[in-house]
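Here's a quick briefing on the protein shown below. Have a look at the structure, then go through the points by topic.

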Amino acid sequence: LGMPATARREERLLEASRRIAAMRPRRPARVEVAATRAIDVEAVTDLVAAAGHAVVGRRLGRPPIDHTADAVVWDAGDLDTSHITWTGLLSANRPHAAIILLDSFPRSETAAAAIRMGATAVLSRPASLESLSGILLHVAPPSSGIRG
């Protein structure tokens, strides 16, 4: 909102990177990444790393139910009933872990169903660095009481 309407795309990206770097958590969240295509696994991994968080697992296909991460970022492609059902299983197995779904064209009814099944958020893909950073900021484990 602070950029002029005439700002170029590169200028907006640099400004967003500067703002995100300023709000990085003291302790990064441990994130499991999953996607239906290998290229998407790499893209989401890079996005999570750019947000200042640690990728602890990468998976082609569905994320594992037995993960130990603070959050799961799953690029589901086109969110459907099977993805929503798997989200419920993920949430039931690790109720305190955040589940962030990326959908090609989020529809209100599928997003609402995913959230009812335990998803923390449903983002449109390609997800912006700002959106993912904002969600993961609330997922990061609290820092110890010791200030550096």
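**The largest pocket**

By class, the residues lining the largest pocket split into 6 nonpolar, 1 polar and 4 charged. (Ala, Val, Leu, Ile, Met, Phe, Trp, Tyr, Cys and Pro count as nonpolar, Asp, Glu, Lys and Arg as charged, and the others, Gly among them, as polar.) Keep in mind that this is a predicted model, where local features need pLDDT of at least 70, side-chain atom pairs count only at pLDDT 80 or more, and totals for chains, interfaces and linings use all residues. Residues are numbered from 1 along each chain as its sequence is written, and side-chain values use heavy atoms, with hydrogens and water left out.

- The space in the largest pocket is about 230 Å³. Of its 11 lining residues, R12, L13, A16, S128 and E130 sit closest to the centre.
- A pocket here is an open set of points on a 1 Å grid over the protein atoms alone, where a 1.4 Å probe fits, with protein on both sides within 12 Å along at least five of seven lines; lining residues have an atom within 4 Å of a point. Points are joined across faces, edges and corners, and the volume is the space filled by probe spheres set on them.
- Two helices, α1 (9-22) and α5 (129-137), each supply at least two residues of that lining. The biggest share comes from α1, with 5 residues.

**Overall layout**

- You'll find 5 helices and 5 strands in the protein, in the order α-β-α-β-β-α-β-α-β-α along the sequence. Helices (H or I, at least four residues) and strands (E, at least two) are DSSP runs, numbered from the N terminus.
- Of the 148 residues, 42% count as buried. Buried means under 20% relative accessible area, exposed over 50%, and partly exposed in between (1.4 Å probe, protein chains only).
- The accessible surface is about 8,400 Å², and carbon and sulfur atoms account for 56% of it. These areas come from the Shrake-Rupley method with a 1.4 Å probe.
- Take the contacts (heavy atoms within 4.5 Å) between residues at least 6 apart in sequence: 68% of them join residues at least 24 apart.

- I20 lies in helix α1 and is buried, with a relative accessible area of 3%. Beyond its neighbours within four places in sequence, I20 contacts A50, A51, L129, E130 and S133. Its C-alpha is 8.6 Å from that of G52, which is 32 residues away along the chain.
- L101 belongs to strand β4 (residues 98-103), and its relative accessible area is 0%, so it counts as buried. Leaving out residues up to four places away, L101 touches W74, L79, T87, A114, A119, A121, V122 and L123. From L101 to L79 is 22 residues in sequence and 8.3 Å in space, C-alpha to C-alpha.
- S91 is in helix α3 (residues 81-93) and is buried too, at a relative accessible area of 15%. Not counting residues up to four places away, S91 touches I99, M117 and G118.

- Mean pLDDT (the predictor's confidence in each residue, from 0 to 100) is 87, and 89% of residues reach 70 or more.
- Confidence is highest in strand β1 (residues 30-35), at a mean of 97, and lowest in α1, at 75.
- Over residues 143-148, pLDDT stays under 50, and the model has 6 contacts beyond four places in sequence for them. Where pLDDT is low, the predicted coordinates should not be read in detail.
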